[in-house]
Amino acid sequence: MRLMPVVTMSLLAASALAGAPAPYLLIPGTFEEGRQPDGNSIILDAPGGLIVIDTGRHKVQHDKILAAAKARGKPIAAIINTHWHLDHTGGNQEIRTAYPKARVIASNAVAGALSGFLKDSRKDAEEYLASGEVAQAQKAEILGDFAAMDDRADLMPTDPVTASGKRMIAGRPLELHLARFAATEGDVWVYDPKTRTAYSGDLVVAFAPFLDTACVDGWFKALDQIEASSFVTLVPGHGAAMSRSDFAQWKSAFRHFVDCADSDAPEEQCIAGWKKDAARFIAPLGKRNLDDLLGYYLDKRLRVPPAERNKYCPAARPS
Ligand SMILES: [Zn+2]
């Protein structure tokens, strides 16, 4: 059941902004069967040019970003990467080839990822490629990821985010929030106080929380912080924009999924629970099957010994 008063308030707040230019341009991330997704990319206007939040993985997404910049007739002055996952950073190189002065604003977590998670996953991918069983399209995907990983100059921040606070980016005031040990070791979410819009990166993902590099406890702390802001609209890392009531529903769906993982309930029950709780976010995707992804997170990230489950949390980090 929807909470009508909250929805009505959101609509009123949104209409108060009517007449003002749209607060952002969303280039929706792709999510096609048989290949890795692109995260959402967002373009903000600023006095000193354009700000791009997340740059996608595939060329089609990079091309859309560059075309949108061209249509606006302004240079891309800054990239904000909400986190280092390659579906959010893969276009940094293309954008900086076209706009070499573009700053890269991100947390320093990418450094740890390059020597840890990305290094390990690259090794696995190289073995997979060597097996000779890889379809051509998938091979291109993997090689694209390798190219993004190798291009450290465009992956590492020129302007690291090491704490939360206000920043003037290309002449536009924004709040950058650093959530440590959440979906990754350092997630940056952006709050625009002027339009009351939050850009959450993968702290919110419409179809399923991506738990691959997550610290669950830190993630929920980050969601509490987002909730404590005055956002009216939240643009997630993947999926359509959300109202406050959508966000609350998504957060409780995530909590239920983790609680289910921690119970004795059969796996199918946890998967069915997520799909029911998150139905309004999953429905726009069509009939995409999420069971394998959710089953993987249950088997490999949640229903595992504490040392494994918490390996991306601060206390468990090797010194
Ligand atoms: Zn993503």
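Biologist: In strand 5, which residue is the bridge partner of Ile80?

Modeller: The model is predicted. Strand 4 covers residues 76-80 and pairs with strand 5, residues 103-106, in the parallel sense over three bridges. For Ile80, the bridge partner in strand 5 is Ile105.

Biologist: Is strand 4 largely enclosed or open to the outside?

Modeller: A residue counts as buried when its relative accessible area is under 20%. In strand 4, five of the five residues are buried, so the rest of the structure leaves this strand largely enclosed.

Biologist: What is the handedness of the crossover from strand 3 to strand 4?

Modeller: Strand 3, residues 49-53, pairs with strand 4 in the parallel sense over four bridges. Within this pairing, Val52 has Ile79 as its bridge partner. Between the two strands the chain passes through helix 2, residues 59-72, and this β-α-β crossover is right-handed.

Biologist: Which strands stand at the edges of the open sheet?

Modeller: The open sheet is formed by six strands in the order 1-2-3-4-5-6, with mixed pairing. Two of the strands have a single partner strand each, so one side of each lacks a neighbour in the sheet. These edge strands are strand 1 (25-27) and strand 6 (159-160).

Biologist: Does Arg57 count as buried or exposed?

Modeller: Arg57 sits in the loop between strand 3 and helix 2. The cut-off for buried is under 20% relative accessible area. Arg57 has 15% relative accessibility, so Arg57 counts as buried.

Biologist: Which residue has its backbone oxygen reached by the side chain of Arg57?

Modeller: Leaving aside neighbours within four places in sequence, Arg57 is in contact with several residues, including Gln36, Asp38, His62 and Asp145. Its side chain also reaches a backbone oxygen at 3.3 Å, and that oxygen belongs to Pro37.

Biologist: How far apart are the end C-alpha atoms of residues 38-238?

Modeller: In an unreviewed UniProt entry, this span carries the feature "domain: Metallo-beta-lactamase". The span is 39% helix and 29% strand, and its end C-alpha atoms are separated by 8 Å.

Biologist: Which residue in strand 8 stands opposite Ile169?

Modeller: Strand 7, residues 165-169, pairs with strand 8, residues 172-180, in the antiparallel sense over five bridges. In the hairpin they form there are two residues between the strands, and Ala170 takes a positive phi near 50 degrees. Strand 8 is mostly covered, with seven of its nine residues buried. The residue opposite Ile169 is Arg172.

Biologist: Which residue in strand 9 stands opposite Leu178?

Modeller: Strand 8 and strand 9 run antiparallel and are joined by six bridges. Their hairpin has five residues between the strands, and Phe181 takes a positive phi near 50 degrees there. Opposite Leu178 stands Val188.

Biologist: Which residues is Gly218 in contact with, leaving aside its neighbours within four places in sequence?

Modeller: Gly218 lies in helix 9. Its relative accessible area is 10%, so Gly218 is buried. With those neighbours left aside, the contacts of Gly218 are Phe181 and Ala182.

Biologist: Is Ala315 buried or exposed?

Modeller: Ala315 lies in the segment after helix 14 (306-309). Its C-alpha atom is separated by 37 Å from that of Gln138, 177 residues apart along the chain. A residue counts as exposed when its relative accessible area is over 50%. The value for Ala315 is 81%, so Ala315 is exposed.

Definitions and conventions:
Residues are numbered from 1 along each chain as its sequence is written. This is a predicted model: local features need pLDDT of at least 70, side-chain atom pairs count only at pLDDT 80 or more; totals for chains, interfaces and linings use all residues. Side-chain values use heavy atoms; hydrogens and water are left out. UniProt positions are given in the numbering used here, feature names are shortened, and annotations may be inferred rather than shown by experiment. Two strands pair if DSSP finds at least two bridges between them. Buried means under 20% relative accessible area, exposed over 50%, partly exposed in between (1.4 Å probe, protein chains only). A crossover is right-handed if, with the strands pointing away from the viewer, the path from the first strand over the helix to the second runs clockwise. A polar contact is a pair of N or O atoms within 3.5 Å; within protein, one must be able to donate a hydrogen and the other to accept it, and residues adjacent in sequence count only if both atoms are side-chain atoms. Contact means heavy atoms within 4.5 Å.
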